[in-house]
Amino acid sequence: MADVKKIAEELVSLTVKDVQELAKILKDEYGIEPAAAPVVVAGPAAESAVAEQSAFDVVLISPGQAKLQMVKVVKEITGLGLKEAKELVDAAPKAIKEKVSKAEAEQLKAQLEEAGGEVELK
């Protein structure tokens with residue numbers, strides 16, 4: 001009798017190419033339509049693709065009504081001069097800061113929204 005646990009371990013470690021080849025063999029040689037094959041392929045691939053995002057871009061979508069306040073906040077956040085901060089606000093939607101941690105991105109988003117802006121994290 002076959003060791004079922006060993007077979008299961010081998011199936012789990014198959015690559016997408018291996019799964020496709022196995023499906024073809026099961027169909028051609030044994031007449032078995034492997035309905036579970038797409039699920040097996042999607043399982044491990046989906047898990048690896050859904051890795052936690054670690055770097056975020058803080059994007060100003062709209063400066064809102066209090067544009068002057070928004071320019072001041074952007075100037076403070078970015079360290080830019082007044083002219084550059086105004087140009088950045090005027091260019092919305094535009095990334096204010098890129099590749100920041102989740103905590104920093106949330107904090108910056110709160111500051112910008114408090115000033116009246118519409119902000120998105122990407």
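Which residue in β2 is the bridge partner of Val59?

Modeller: Ala95 of β2 is the bridge partner of Val59. This is a predicted model, where local features need pLDDT of at least 70, side-chain atom pairs count only at pLDDT 80 or more, and totals for chains, interfaces and linings use all residues. Residues are numbered from 1 along each chain as its sequence is written, and side-chain values use heavy atoms, with hydrogens and water left out.

Start with the pairing itself. Strand β1, residues 56–62, runs antiparallel to β2 over 4 bridges. Strands count as paired if DSSP finds at least two bridges between them. Strands (E, at least two residues) and helices (H or I, at least four) are DSSP runs, numbered from the N terminus.

Now the sheet. It is open, has 3 strands in the order β2-β1-β3, and pairs them antiparallel. The edges are β2 (94–100) and β3 (118–121); each has a single partner strand, so one side of each lacks a neighbour in the sheet. From one strand to the next, the twist averages 20°.

The helices come next. α4 (residues 67–78) packs on α5 (residues 82–90) at about 115°, with the axes 8 Å apart. Axes are lines fitted to C-alpha atoms, for helices over the stretch in contact, and angles run from 0 to 180 degrees between N-to-C directions. The contact (heavy atoms within 4.5 Å) includes Met70, Val71 and Val74 of α4, and Leu82, Ala85 and Leu88 of α5. By class, it has 7 nonpolar, 1 polar and 4 charged residues. Nonpolar covers Ala, Val, Leu, Ile, Met, Phe, Trp, Tyr, Cys and Pro; charged covers Asp, Glu, Lys and Arg; the others, Gly among them, are polar.

α4 also packs on α6 (residues 102–114), at about 155° with axes 9 Å apart. That makes α4 roughly antiparallel to α6. The scale is under 35 degrees for roughly parallel, over 145 for roughly antiparallel, 65 to 115 for roughly perpendicular, and oblique for the rest. Here Met70, Val73, Val74, Glu76 and Ile77 of α4 meet Leu108, Gln111 and Leu112 of α6. The classes are 6 nonpolar, 1 polar and 1 charged.

Last, the whole chain. It has 6 helices and 3 strands, in the sequence pattern α-α-α-β-α-α-β-α-β. Of its 122 residues, 20% are buried. Buried means under 20% relative accessible area, exposed over 50%, and partly exposed in between (1.4 Å probe, protein chains only).
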